[in-house]
Amino acid sequence: MSEPYKATKNVADLRGINMLSRNLAAAFATVSVVAMATPAYAQAQQFNIPAGSLKAALDAYAKQTGRQVIYKMDEVRSARSKGVKGARTADAALTAILAGTGFRANSDRSGAIAIVRGEGAASTSAGEVLAKSATSENKSAEIVVTGSLIRGTEKSVGTKVATITRDEISKGGFGTVPEILESLPQNFQGGISEDSRTAANDVNLAGGTSINLRGLGAGNTLVLLNGRRLASGGRRGTFVDISSIPASLIDRVEVLADGASATYGSDAIGGVVNIILRDDFEGVEAGFRFGTVTEGGAQEYRTSLTLGENWATGNVLVSYEYFDKENLSYQARSFTETSDLRTLGGDDFRTNFSVPGNIIGGPGFAIPIGQDGTDLDPSDLLSGQTNLFNQNLGRNLQFENRRHSIFIAGSQNVSESIELFAEGSFSQRDFTRNSPGQNLTLRVPPSNPFYVDPFGSNGTIVVRYNSFSDFSSILSSDGDTQTITSSLGAKFDLAKDWQLLAYASYNRDRLRTVSRGLDNGALNLALADPNPNTAFNPFGDGTFTQNPSTIQGISVTTDIGAQSTIKSVNMVADGSLFDLPGGSIKLAVGGSYDDYSSTAFSDNRLSGLTESDFDRDVFALFGELQIPIFGNENARRGLERLIISTSVRYEDYSDVGSTTNPKVGLLWTPLDGVDIRGSYGTSFRAPDFVELDTTSAANASFIFTIPDPVSTTGTTAALLLQGNNSELESETATTWTVGIDVSPISVPGLELDLTYYNVKFDNRITSAIGAGFGSILSQEARFSSAIVRNPTQSQIETACAVDGTFFDFVGGPCLTTPIGAIVDFRLINAGVTQTDGLDFNLRYVLTTSEFSRFNFHVGGTYILNFDEAFDPTAPVTELINTVGNPIGLRLRNSIGWNHDIGLSANLFINYADGYQDNISNPERKIDSWTTFDLSLGFSTGQKLRNIGLDNTTISLTARNLFDNDPPFVNNANGIGYDPENASALGRFISINVTKRW
């Protein structure tokens with residue numbers, strides 16, 4: 001192809017296309033236009049265009065045929081063509097060149113040919129390609145890829161960024177952001193979820209959901225919205241709740257599963273998830289989605305409306321979403337219906353805190369069923385028997401949720417060199433949380449009118465009881481979370497290609513809810529009350545109706561609130577320094593100031609109002625440099641491209657000191673279609689506010705007699721320290737990756753990428769509390785640094801002086817009570833985690849005709865090692881392929897078919913490898929799990945206009961098509977599966993309709 005016909009070399013030659021406006025030319029720096037004198041296209045010609053890059057084939061075709069060919073350079077850059085040989089007409093030759101590439105040709109009356117992506121492109125003309133490119137190409141030059149600060153880079157140098165597009169979200173049938181990210185093999189489900197077993201604790205009262213890349217913890221995955229941090233959620237502000245982000249507003253999700261503190265600062269150890277919302281839509285779009293499980297209710301609804309307008313110097317977009325989801329009860333699934341798992345091949349995990357209850361002492365007595373406790377005789381009690389209670393009653397696999405979300409974005413050029421922009425969002429999620437009954441040890445005196453004494457002692461009777469039946473009316477709690485994001489900024493075009501980006505942002509996450517519990521003092525008074533009309537009756541089978549005023553007097557409602565905010569000011573400038581033979585050296589430098597705050601309160605009639613308030617300031621300086629050693633202008637054999645990227649970030653925290661984190665990346669293209677990449681860097685996570693809180697409400701110490709296998713008596717009096725640590729430092733990690741991306745010229749449509757990752761996570765904030773009070777001394781080798789045997793008086797005095805409340809369980813003060821050990825359960829910087837593995841993807845596009853294509857994809861993560869130690873000197877524990885920990889192999893594969901008439905079908909195959917139940921005795925094998933998702937879609941395009949259904953997309957999706965239950969796990973929590981590695985949702989059917997005007 002001769003140089004005058006390349007827009008990248010001489011935009012003035014766009015005059016050959018008389019249908020285009022000359023003033024578009026400057027926008028098409030990456031659009032190639034090829035034009036020659038026009039011969040007779042219908043005549044057969046001899047073609048000899050070899051297999052290779054699609055760009056080279058199109059250039060050769062244009063040169064031989066003289067046709068005007070227009071394509072976007074960035075789109076066809078990595079595409080491969082089989083070429084064409086032999087006698088063909090010009091049209092037939094072009095069809096052969098495009099076969100299997102995923103592109104098609106469209107022409108208009110001028111004779112110009114537009115090369116566009118095949119799917120849905122039937123009505124795109126050459127003029128429209130260039131006209132639409134005017135905006136998109138300029139926007140491409142502005143895009144900053146996740147993991148980089150420099151505009152317009154083709155990819156994050158050295159690392160692999162996975163992108164989930166809006167089209168892929170639609171084909172996957174995902175209705176929420178958690179569903180989207182659960183499909184990622186790199187995202188470990190363990191941690192924060194809306195399962196009420198995790199939501200019942202004070203961390204996640206709202207039933208939020210977090211992201212946990214690499215299984216390193218939710219706090220070690222950085223979540224961004226449009227490239228900016230989000231405020232943390234939950235009662236303690238320890239994770240970003242992604243369930244408040246509206247899925248219908250998403251343009252794409254970019255996932256960088258690599259350390260990125262050199263770019264973004266704290267938390268980016270496991271990686272970065274950047275959720276990018278739509279901001280340049282034009283027209284009106286309305287959507288409706290309905291979904292339901294096929295067993296157990298749990299229906300959900302989603303409606304959305306988006307309006308956008310673009311004009312020559314700016315744009316505005318407004319979008320709204322409403323989402324409503326019903327709860328899903330544990331009783332809706334056979335493997336969670338009861339905590340007695342014997343019918344499934346497991347153990348009975350029911351508890352003797354039951355209703356009817358159990359009288360403790362002697363042989364033990366079960367209170368019989370079939371009576372209400374008002375006329376019970378000691379002879380009616382069941383000696384030597386035990387009532388067992390299903391602890392899954394009242395629990396939910398998912399909360400009832402209702403959410404309203406609105407997003408507004410706009411930009412305006414106020415001059416040729418200044419653009420102002422603003423965006424903001426508001427989301428309110430109302431939830432209903434159900435809680436199980438409370439386990440109670442009741443001491444019933446003879447004064448109780450329902451008193452029954454099987455011992456004849458006329459003394460206090462101890463009953464193990466569950467409050468579920470008596471307090472079921474108060475076990476449901478409502479609450480809401482509100483999330484606000486906002487930013488206001490400007491872009492300033494400086495000299496040459498330099499640009500300054502400056503913006504301020506404010507983000508907030510607020511929680512309001514109630515927690516319901518019992519007043520033990522009032523309960524004891526009700527047990528001692530001699531009045532049968534107002535006393536509490538613990539001897540029934542749950543059918544006795546307790547006096548409502550008695551229940552009300554025992555009940556305690558605690559109002560709970562929490563709020564986290566981030567106020568930020570950011571500035572970054574980037575552009576080219578000077579040119580090398582391989583391209584322009586590019587630099588980005590900047591700084592930021594962040595003000596973090598977190599407040600929380602609880603208020604009830606017993607303890608009154610308690611409040612906490614934390615804040616920190618963070619000042620940062622950062623920079624990134626990209627050096628192209630080899631590029632298009634100086635490429636040579638074995639060095640088609642070589643780019644080195646270096647970045648560094650310095651951060652100074654007002655409470656935990658400063659840290660500096662570098663990263664280096666390399667991208668090497670030894671030959672066309674092969675990229676080799678690598679990265680090395682350090683990352684960190686600053687302690688959460690609550691981890692530094694050492695107030696009396698957060699910390700405590702106990703003197704307690706605990707089991708001790710070394711002691712001659714079998715027990716030891718130990719001083720136990722529990723709580724947080726104000727001296728905590730930042731966690732640190734070293735991460736490195738090496739990978740390869742292959743698009744072989746000889747096999748057009750085939751793409752392969754493979755990445756090896758390695759993370760060494762040091763100085764982790766950890767605690768020995770996981771060992772438990774009762775077994776800590778039997779695991780002394782593992783937790784030796786937390787145990788002090790035969791402490792000196794000085795060590796005892798130091799331990800007794802720590803912040804917090806002292807509880808005496810052995811009858812003496814802290815300083816003078818004889819103790820044999822000090823066990824420190826407080827948080828410390830000691831833990832070590834090391835993991836490495838492989839991420840891989842294989843894609844192939846097969847074009848079976850001019851209008852029909854098949855897409856094949858195999859993708860997954862294979863974890864080689866996942867080891868953990870309490871401290872650097874402790875024995876290493878291998879966690880991979882064990883219950884509640886990451887599984888070695890996860891796959892998400894797919895087969896798709898698309899036709900240009902608008903039809904599509906996609907089948908997804910999800911696979912989780914088998915692993916080991918290391919908790920049961922004896923250990924047992926856990927089966928692998930395979931599920932299938934099916935999606936069928938139809939896009940009308942300009943069809944059905946006569947009935948108003950043009951530009952309408954309809955999709956039907958079935959997730960877990962064959963309703964495969966998760967593999968059985970003999971889970972000690974009384975559920976027959978592993979919620980960290982499987983879903984209990986079952987088959988879920990959804991239909992989605994989107995109409996655009």
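**Entry 1: helix α1**

I began at Gly 66, which follows α1 and has a positive phi, near 75°. The model is a predicted one, in which local features need pLDDT of at least 70, side-chain atom pairs count only at pLDDT 80 or more, and totals for chains, interfaces and linings use all residues. Residues are numbered from 1 along each chain as its sequence is written, and side-chain values use heavy atoms, with hydrogens and water left out.

I then looked up the span of α1 (residues 54–65): its 12 residues reach 16 Å from first C-alpha to last, close to the 16 Å expected at 1.5 Å a residue. The expected span is 1.5 Å times one less than the number of residues. Helices (H or I, at least four residues) and strands (E, at least two) are DSSP runs, numbered from the N terminus. I listed the buried residues of α1 as Leu 54, Ala 57, Leu 58, Asp 59, Tyr 61, Ala 62 and Thr 65. Buried means under 20% relative accessible area, exposed over 50%, and partly exposed in between, with a 1.4 Å probe and protein chains only.

**Entry 2: the open sheet**

I traced an open sheet of 5 strands in the order β20-β19-β18-β25-β24, with antiparallel pairing. Two strands pair if DSSP finds at least two bridges between them. The edge strands, β20 (382–383) and β24, each pair on one side only.

I found 3 bridges between β18 (residues 358–360) and β25 (residues 461–466), which run antiparallel; Asn 358 stands opposite Arg 464 in β25. Between β24 and β25 I noted 6 bridges, again antiparallel, with Leu 442 opposite Val 463 in β25. Leu 442 belongs to the covered face of β24, together with Leu 440 and Val 444. Asn 439, Thr 441 and Arg 443 make up the uncovered face of β24.

**Entry 3: helix α10**

In α10 (residues 520–528) I recorded Ala 522, Leu 523, Ala 526 and Leu 527 as buried. Seen down the axis, these buried residues fall within an arc of 140°, so they line one face of α10. The arc is that of the directions from the helix axis to the C-beta atoms. The buried residues of α10 pack against β24 (439–444) and α11 (548–554). At the start of α10, I located a side-chain oxygen of Asp 519 within 3.0 Å of the backbone nitrogen of Gly 521.

**Entry 4: confidence**

I read an average pLDDT of 86 for the protein, with 90% of the residues scoring at least 70. pLDDT is the predictor's confidence in each residue, from 0 to 100. Over residues 35–41 the pLDDT is below 50.

Terms used: Contact means heavy atoms within 4.5 Å. A polar contact is a pair of N or O atoms within 3.5 Å; within protein, one must be able to donate a hydrogen and the other to accept it, and residues adjacent in sequence count only if both atoms are side-chain atoms.
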